[in-house]
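User: I would like a close look at one part of this structure, followed by a short walk to some other parts for contrast. Please keep the wording plain.

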Amino acid sequence: MPTETFEFQVEARQLLQLMIHSVYSNKDVFLRELVSNASDALDKLRLAALRDEAPGADVSDLHIELEIDRDARTLTVRDNGIGMSYDEVGRLIGTIANSGTAQFLRELKEAQDGAGAEGLIGQFGVGFYSAFMVADEVTLLTRRAGEEKGTRWSSRGEGTYTLEAVDDAPQGTSVVLHLKPADPENQLHDYTSVWTIKEIVKRYSDFITWPVRLVGEQGEDSAVAEPETLNSMKALWARSRDEVSEDEYHELYKHISHDWRDPLETIQLQAEGTFEYQALLFVPGHAPHDLFTRDHRHGLQLYVKRVFIMDDCEALLPSYLRFVKGVVDAQDLSLNVSREILQQDRHIRMMQRRLTKKVLASVRTMMTDDAERYATFWREFGAVLKEGLVTDSDNRDAILSVCSFASTHQGEDGVGPVSLRSYVERMRDGQDAIYYITGESRQSIDNSPHMEAFRERGIEVLLLTDPVDEVWTDAVGEFDGKPLRSITKGEIDLGGSEEEKSEGEREKQAEEYAGLLAWMREQLDEDIKEVRLSSRLTVSPACVVADANDLTPALENMYRAMGQEVPRSKRILELNPDHALVKGLNAAHRAQEDRSALVDTAELLYSLAVVAEGGRPKDPARFVRLVADRMERGL
């Protein structure tokens, strides 16, 4: 086949320009990315050979080679791993199939400092492109194990690349970097220096399980020496904690996660007995951009006796801990284990239970001993952790113990997240429930009419704004014997000023408004099932509430978005009998036999209540006309 020239995808072209004109202070990481890619290719080939899926492949001496040519100013990173076919090269390197690339580019532009920008690239799987930080031209030669023909890919990063089928490619992949001149002022080191290459490999890739060998020119005098293995190849998870530095743990995390930032927490576990395994887990410091998307890849790396088995073993941790990265090395699993078998394997289930409890215990320790780090954890992963309150009843108490929620409680440090335990300890005498409100944003909750009586009486309310809050509050139901109660559902009796009214006064008020309530119920029959006087309003004229066992509108919409049909439930309209608008409407209703002119007012009052809780009127255009008409009359 002749050499063909292709244009980079638009986003790939933008990414290349960012690399070529890189603002990253630490350009050394390009070598870590290329060595990591080579290591992955070797893992895949060994696994394919174990499963007899790579006929004819040579697995006798799997390794990574680094070769320096000082005269030509090239650095070659070579592996004899799984390799790529012609189509795979075009698909994986010629374009960026990652749907998050545009998001990456936006976040990169928004990052204000070098460290922030540096921390983004690895999350988006674009490590290969980091080669253009240090090279004017990159040439890749590859042949997939078991195939006869190879492929050569080449680009100067200027918008196009070439592809060519070749006959003489060895198994695996080699990446040749035609290096830019050294520029120490811009942190562009001389990557033809043997000392520099050795130092980078030791710093970033010492734990790689395959030998990383320096071949060819090894001395500054260009003398050819014997290949030298640069990395120790020690599995960090098999070593005791006091033998490993934090920097080594952090580099392993970066290799596994492709995150360029340090992890928030490192968790080590060694299980002995009838089923032995070792685990080294990491809690990231930042949530990935796709944590809540279906495309998000999660799971731990699974090894069996230090043989890599799979990259994203989802069965080792529940979905609500999908942000955790790490390695599990089991001693007694089959090397031919499949994802389907893992779902049923009792040893895997046993490991999942133990790993889950270990992670939750570590978060609990963080919460107790390091409030600042816990605050970071909760800000990044609180919303996903709360999914476990719905899906994992066995660990529900442990999850609740590490949850915290925004609250109206004014502590010494202002309004901050509180635990359910601390809420219960502050409950007033006679208060029998833990009150909460859900909404789309803190602002909409703060302005909700449902908050008025609670704010006036100084009763604490939990402020829940994550979509999962609509679900877990119903699933959990109670804490420490105290029911969780939504302030937007059912009737509320808070005592205080409402109790100050005598029985006679309440009966008189109910009788006085009985006619208006019945009439409005009839006029708004399509939308509401009851109109009643409210004990929760002090400022607003009206609000809408649900029955205690009804779904909230937000939860109904959530189920519909998931394709589940739920019947639309009618709600309850509550009126504030002490508000001037409601008093005036009642007086007009009592005084007029022909009440047709009041129908629009009743409809408008209901629509205002819907808008006040963050909803939208059934007919927005009609609502606008009614408001405009009332404004015109008032001028």
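In strand 5, which residue is the bridge partner of threonine 139?

Analyst: The bridge partner of threonine 139 in strand 5 is serine 154. Please keep in mind that this is a predicted model.

That pair belongs to the contact between strand 4 and strand 5 (residues 150–155), which run antiparallel and are joined by five bridges. The two strands form a hairpin with six residues between them. Within this hairpin, glycine 146 has a positive phi near 95°.

Strand 4 also has a partner in strand 7 (residues 172–179). This pairing is antiparallel too, and it runs over eight bridges. One of the residues involved is alanine 135, whose bridge partner in strand 7 is leucine 179.

How far is strand 4 covered? Strand 4 spans residues 135–143, and seven of its nine residues are buried, so the rest of the structure largely encloses it. A residue counts as buried when its relative accessible area is under 20%.

The buried residues are Tyr249, His250, Glu251, Leu252, Tyr253, Lys254, His255, Ile256 and Ser257. Among the elements that cover them are helix 2 (29–50), helix 6 (194–205), strand 10 (265–271) and strand 14 (325–330). The length of helix 7 can be checked as well: at 1.5 Å a residue, its twelve residues should span 16 Å, and its end C-alpha atoms are 16 Å apart, which agrees. Just after the helix, histidine 258 takes a positive phi of about 60°.

Last, the cysteines. Cysteine 313 counts as buried, because its relative accessibility is 1%. Cysteine 543 is buried as well, with a relative accessible area of 1%. A search of the whole structure finds zero disulfides.

Note on methods: Residues numbered from 1 in each chain as written. Predicted model: local features only at pLDDT ≥ 70, side-chain atom pairs only at ≥ 80, totals over all residues. Heavy atoms only, no water. Disulfide = S-S within 2.5 Å. Buried < 20%, exposed > 50% of the residue type's maximum accessible area, 1.4 Å probe, protein only. Helix = DSSP H or I, 4+ residues; strand = E, 2+ residues; numbered from the N terminus. Expected span 1.5 Å × (residues − 1). Contact = heavy atoms within 4.5 Å. Pairing = 2+ DSSP bridges.
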